[in-house]
Structure formats: C-alpha cells, structure tokens
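Have a look at the model first.

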Amino acid sequence: MYTIGQVSKATGLPVSTLRYYDKEGLFPHLERKGYVRKFSDTELEEVKIIECLKKSGLEIKDIRQFFQWVSEGSSTYKKRRELFANQKKVIQKKIESLEKTMAMLEFKCWYYDKALLDGNEDKLHQMLPNKLPEEIQKIYDKAHE
C-alpha cells in the first residue's frame with residue numbers, strides 16, 4: 001500500500017491531481033483508513049491508464065465511463081477495445097502532424113545552414129522547389145504534403 005505522497009512521487013503527478021481523480025470516481029476500490037487514502041498496485045496501474053487516456057485527448061467524463069465499463073466486467077470488452085482503438089487513431093493523426101512539422105524544421109535548419117555558408121540565398125532559390133539534394137528533397141516534400 002502507498003500513501004498519496006508516495007504515489008505522487010512515483011508518478012510525477014501532484015497530490016491535488018490524484019485527489020481530483022479520486023473525487024471524480026476514478027479509483028472505485030481505493031482503500032481508506034480514516035481520511036488517509038491507501039493506494040495499491042491496482043490504483044498505480046489505473047493512474048497510468050488515466051494519464052494515457054488524458055494524453056490521448058480523452059476527457060475525465062470519458063475516462064470515468066471507461067472505468068464504469070471495467071466494473072461491469074467482460075461484457076464491455078468490445079466497448080473498451082473500441083475506446084482504445086479510437087484513441088490510437090487520434091494519436092496517429094497527431095504523430096503525422098508532428099512528423100510534418102519536424103520535416104519543416106529540419107528543412108529550415110538545412111536551408112539556413114546553407115544560406116550562412118553561401119552568404120546569401122541565391123543558390124537556394126534556384127533549387128526550390130524540386131532541385132534540392134535527394135535527402136533534403138524528401139524532407140522538403142514531407143514538410144509540404
């Protein structure tokens with residue numbers, strides 16, 4: 001069993017966030033001794049799931065629904081699977097967007113390195129948009145998809 005302070009330290013989450021999750025009913029089996037919350041390994045795993053779902057864009061009400069399904073047992077496996085599959089699609093779109101952003105940043109770093117080396121952008125303007133070195137062209141194309 002762990003105190004809320006220990007869980008906070010282990011997860012990097014503020015105590016106030018853990019209290020909020022408890023208040024929102026996300027730890028339905030949390031043991032209490034008086035006013036002291038006692039977290040088990042089960043709640044530690046639940047914290048990881050909560051944080052995963054939050055980072056994927058889910059709201060607390062939807063996370064609460066997930067834990068409601070968990071409490072309903074195996075009849076909700078399909079719903080739970082769909083929830084994770086949908087959030088996986090959300091994250092995949094975010095990753096694709098970030099990859100495009102990274103490509104633009106990589107291209108611009110190369111671009112200005114070249115401009116600094118040449119002292120101007122004249123040669124660069126002649127290469128754009130499709131006469132760049134092969135590897136840089138791939139990066140440029142990715143940034144401009």
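Predicted model: local features only at pLDDT ≥ 70, side-chain atom pairs only at ≥ 80, totals over all residues.

Numbering starts from 1 along each chain as its sequence is written, and side-chain values use heavy atoms, leaving out hydrogens and water.

Helices here are DSSP runs of H or I, at least four residues, and strands are E runs of at least two, numbered from the N terminus. Back to α2, residues 15-23: Thr17, Leu18, Tyr21 and Asp22 are its buried residues (under 20% relative accessible area, 1.4 Å probe, protein chains only). Looking down the axis of α2, they fall within an arc of 140°, so they line one face of the helix. Ser16 and Lys23 are exposed on the face turned away from that buried side (exposed is over 50%).

The cover over the buried residues of α2 includes these elements:

| Element | Residues |
|---|---|
| α1 | 4-11 |
| β1 | 31-33 |
| β2 | 36-38 |
| α3 | 41-55 |
| α4 | 60-72 |

Now α4 itself. Its axis and that of α5 (residues 77-118) are 9 Å apart, at an angle of about 150°. That makes α4 roughly antiparallel to α5 (angles over 145 degrees count as such). On the α4 side, Phe66, Trp69 and Val70 meet Lys79, Arg80, Leu83 and Phe84 of α5, contact being heavy atoms within 4.5 Å. The contact residues divide into 5 nonpolar, 2 charged and no polar.

Note on methods. Axes fitted to C-alpha atoms, helices over the stretch in contact; angles between N-to-C directions. Parallel < 35°, antiparallel > 145°, perpendicular 65-115°, else oblique. Nonpolar A, V, L, I, M, F, W, Y, C, P; charged D, E, K, R; others polar. Arc of directions from axis to C-beta.
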